[in-house]
Amino acid sequence: MAIEINPQDTTRATAYDFWMKAPNPMVTFFKKLNVTNLIRVSKKRHLKFNMLLDYCIGKAAVGVKEFYILPVGEKLIQYDTIAVNTIVKNKNDEVSSCDILYTDNLDIFNQEYLKYTAEVAENCQDRDLSTDSMVIGTSAIVNTEIDGAVGMNSGIFNNPFIIWGKYRKKAFKYYLPISFQFHHTQMDGAHAGRFLENLQNEINTIK
């Protein structure tokens, strides 16, 4: 469920006043993740790497309360659930967008990921949960090694967004550079840093 809230009644009141009308309120962090354990789990359990990473993103985000508040237009909206978006190659060889509601149960998350990405690939229609959940956008450019990417500030899409490319192997370990873009009204750098630390921890401990 999503409800409009008064910014002055939240811990983001000052940030709302500073950043809602800023020419560029988006901030991008770059981080290199150690995804060695994620690859091991993917191979051992025959699970998709991107699904596992999306799951870890959702799990890392729910531990940071700022993810539940998002500027939409000139309003501040509070959500009680989080979803992770993934980009799907559809049957027309184009891309479609698919939102997956985060659940702590990995098996259920995987089932829904496989079900809905397959449906989106077949019907070529986006699956959009943004009216009910705070959606974290993702984009994987899996055939190319990239160091990061800076997204645009459209003034419409203010959701946090994570981009990654192909992971790299170095000395028996695997690393994945990512970029994390967020709206400064939603969170400060410290909150973003906590999320990225949470993400690395979830990747390290997933079984």
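**Architecture, cores and local geometry of the predicted model**

The protein contains 5 helices and 10 strands; helices (H or I, at least four residues) and strands (E, at least two) are DSSP runs, numbered from the N terminus. The radius of gyration is 17 Å, close to the 17 Å that the globule rule gives for 207 residues, so the protein is as compact as a globular protein of that length. This radius is taken over C-alpha atoms, and the rule is 2.2 Å times the number of residues to the power 0.38. The model is predicted: local features need pLDDT of at least 70, side-chain atom pairs count only at pLDDT 80 or more, and totals for chains, interfaces and linings use all residues. Residues are numbered from 1 along each chain as its sequence is written, and side-chain values use heavy atoms, with hydrogens and water left out.

The C-alpha trace spans about 50 × 40 × 30 Å along its principal axes. Of the 207 residues, 48% count as buried. Buried means under 20% relative accessible area, exposed over 50%, and partly exposed in between (1.4 Å probe, protein chains only). The protein exposes about 10,800 Å², and carbon and sulfur atoms supply 51% of this area. Accessible areas come from the Shrake-Rupley method with a 1.4 Å probe; for residues, only the protein chains shown count as cover. Contact means heavy atoms within 4.5 Å. Among contacts between residues at least 6 apart in sequence, 70% join residues at least 24 apart. There are 23 positive and 23 negative side chains, and the centres of the two sets lie 12 Å apart. Lys and Arg count as positive and Asp and Glu as negative; His and the chain ends are not counted. Each charge is placed at NZ of Lys, CZ of Arg, CG of Asp or CD of Glu.

The interior was examined next. A nonpolar core is a set of buried Ala, Val, Leu, Ile, Met, Phe, Trp, Tyr and Cys residues joined through side-chain atoms within 4.5 Å. The largest such core has 48 residues, of which Phe 67, Phe 195 and Leu 199 touch the most other members. Helix α3 (residues 49-61) gives this core its largest share, 9 residues. Apart from this core lies another, of 5 residues, among them Ile 5, Tyr 16, Met 20 and Leu 76. Beyond four places in sequence, Phe 67 has several contacts, including Ile 82, Met 134, Ile 136, Phe 180 and Phe 195.

Thr 185 lies in the loop between β10 and α5. At 0% relative accessibility, Thr 185 counts as buried. With residues up to four places away in sequence not counted, Thr 185 touches Arg 12, Ala 15, Tyr 16, Trp 19, Met 20, Pro 71 and Leu 76.

Helix α2 (residues 36-45) has as its buried residues Thr 36, Asn 37, Leu 38, Ile 39, Val 41 and Ser 42. These residues pack against β2 (26-34), α3, β10 (173-183) and α5 (189-205). Just after α2, His 46 takes a positive phi of about 55°.

Two loop residues also have positive phi. Most residues other than glycine have a negative phi. Asp 93, in the loop between β5 and β6 (95-101), has phi near 65°. Asp 93 is exposed, with a relative accessible area of 54%. Cys 124, in the loop between α4 and β7 (134-140), has a positive phi of about 60°. Cys 124 counts as partly exposed, at 24% relative accessibility.

Helix α4 (residues 106-123) holds Asn 110, and Glu 112 is also found in α4. Asn 110 is buried at 13% relative accessibility, whereas Glu 112 is partly exposed at 26%. The C-alpha atoms of Asn 110 and Asp 132 are separated by 20 Å, at 22 residues apart along the chain. Glu 112 touches Ile 100, Leu 101 and Thr 117, residues up to four places away in sequence not being counted.

Strand β5 (residues 82-89) contains Thr 86. Thr 86 is buried, at 7% relative accessibility. Residues touched by Thr 86, beyond four places in sequence, include Asp 54, Cys 98, Tyr 113, Thr 117 and Thr 138.
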